[in-house]
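This briefing covers a protein chain and its ligand.

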Amino acid sequence: MKITMIGTGYVGLTTGTCLADLGHDVTCLDIDKKKIDNLNSGKIPIYEPGLSDLVKRGVKEKRLFFTTDTKSAVESAQVIFIAVGTPSKENGDVDLTYVESAAATIGKFINKYKVVVDKSTVPVGTGDMVAEIIRRTISAENKGNEKKLEFDVVSNPEFLREGRAIKDFMNPDRIVIGVTSTKAKDLMLSIYKGLERPDKPILFTDIRSAEMIKYAANAFLATKISFINEIARLCEKEGADVKMVSRGIGLDERIGPKFLSAGIGYGGSCFPKDVKGLISTGKSRGVDFKILKAAEAVNVEQREIMIEKIKSVIPKVKGKKIACWGLSFKPNTDDMREAPSVTVIKRLLREGAEIVAFDPVAKEQAEKELVTTTGSKPVVFAETPYDALDGADCLVIFTEWDEFRNLDKNKMKELLKSPIIIDGRNIYNPDEMKELGFTYISFGRQDIRME
Ligand code: NAD
């Protein structure tokens, strides 16, 4: 199958690369020339485990190509995926500018029947809008053979998780395909042939339901996180341990154990914007999403709570050296979009703290995000987690990288000026931290405070 991926970001690059690995002939198109030049010279723009090797293989075996040549990318493809960004506007609405421009591009260069697959996360009704833009552009281009230029639009939302995107693509929980034409359905089936399992099916729906499934899934997961964070607040007051509570409720098959980790809250390029997007779509249709508004508000508050927890041990951060571990919004990715660390670190910097940060892969992205405001000191990046601790007044943990779990805690204690840890991801055992003599503040559990 000849496939073009419009948009070579996290989703476009990983999906395109995996499709090439399945044997398809994939061209990844992007308007960002630097990104494409880098990819063509072997430089992968994002950190995603396993991606680099797969890209190398696809390129070497001539099934994976990177280009900025829109015309040939559109003309040569049987199936075109739209995988461009759909960020939030200031007011929370979904900004569909990039999707619109991708659709117009397809309309401009379409030369024969094509299936246009919306992989970006888009509000219900976008499939119709994409079809309309393509049709309008074909007419405006006045190609003379409009009637012959047929196409079908399909919705195929993406569920991969950054940090395990390749595994998720190769072993998906489900593949959702919103489609109305049989011809398009058959083409989509041959693209994903072999990935479905008896308990992990390809689910065919209408286009609008497929679009809705993606938002509903992300909004539900975000709500689950905010729910456990509110339970955590009560656990702290009542002497309960939220980790035990999560385990206890997660063992119930109706609830499930995932997305029940209390802490600093969700971030990333999807949950915050998709929750906002669904609230906004609901509003435009007269549906007031009370639950989602609450989930969003709780999530924003978790960052404030993190700051309060830091202040509870260091009331005045001015001039204090604060070590920060893990900057990306979750482990195994360098994605800094909407990372909770950014809100908290920027506040600490504004209040005069000195930040020494360590992240295994996100340094480059973090440097862009944590550009300092007037008067504050620039963030210093340490080479190792231990280096960040040297002489620091406390350690703040933002991301639960596995490597942080088993470091030598005695060495950590020796390096820190004061043995204080504020843990936004509950990675350590409070009893052990007490025995070792740390002041250990976490979420939804009882604080350990050393005099
Ligand atoms: P991204 O910002 O990493 O990548 C988007 C890419 O599209 C950029 O490289 C940009 O230059 C390119 N682009 C924009 N307009 C273009 C055009 N007209 N032609 C060619 N290229 C163009 O975004 P992403 O994280 O890959 O997300 C893409 C979509 O997938 C979003 O709708 C997102 O919500 C959804 N999604 C993301 C994830 C995730 O984990 N990142 C998971 C599931 C779904």
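This is a predicted model: local features need pLDDT of at least 70, side-chain atom pairs count only at pLDDT 80 or more; totals for chains, interfaces and linings use all residues.

How many nonpolar, polar and charged residues does the shell around the ligand have? By class, this shell has 10 nonpolar, 9 polar and 8 charged residues.

**Around the ligand**

- The ligand is surrounded by 27 residues, and the closest are D30, K35, T86, E162 and K273.
- V11 has a backbone N or O atom 2.8 Å from an oxygen atom of the ligand.
- For I31, a polar backbone atom is 3.5 Å from a nitrogen atom of the ligand.
- S101 takes part through its side chain, with a polar atom 3.1 Å from a nitrogen atom of the ligand.
- The ligand exposes 840 Å² when taken alone, and the protein buries 89% of that.
- Two elements, α1 (10–21) and α5 (97–109), are those that give two or more residues to the shell around the ligand.

**The protein chain**

- The secondary structure of the chain comes to 18 helices and 14 strands.
- The chain is as compact as a globular protein of 451 residues, because its radius of gyration is 24 Å, close to the 22 Å that the globule rule gives for that length.
- Along its principal axes, the C-alpha trace spans about 80 × 45 × 45 Å.

**Burial, contacts and surface**

- Of the 451 residues in the chain, 52% count as buried.
- Among contacts between residues at least 6 apart in sequence, 74% join residues at least 24 apart.
- The protein chain exposes about 20,900 Å², and carbon and sulfur atoms supply 52% of that area.

Notes. Residues are numbered from 1 along each chain as its sequence is written. Side-chain values use heavy atoms; hydrogens and water are left out. A residue is near a molecule or strand if one of its heavy atoms lies within 4 Å of it. A polar contact is a pair of N or O atoms within 3.5 Å; within protein, one must be able to donate a hydrogen and the other to accept it, and residues adjacent in sequence count only if both atoms are side-chain atoms. Accessible areas come from the Shrake-Rupley method with a 1.4 Å probe; for residues, only the protein chains shown count as cover. Helices (H or I, at least four residues) and strands (E, at least two) are DSSP runs, numbered from the N terminus. Ala, Val, Leu, Ile, Met, Phe, Trp, Tyr, Cys and Pro count as nonpolar, Asp, Glu, Lys and Arg as charged, and the others, Gly among them, as polar. The radius of gyration is taken over C-alpha atoms; the globule rule is 2.2 Å times the number of residues to the power 0.38. Buried means under 20% relative accessible area, exposed over 50%, partly exposed in between (1.4 Å probe, protein chains only). Contact means heavy atoms within 4.5 Å.
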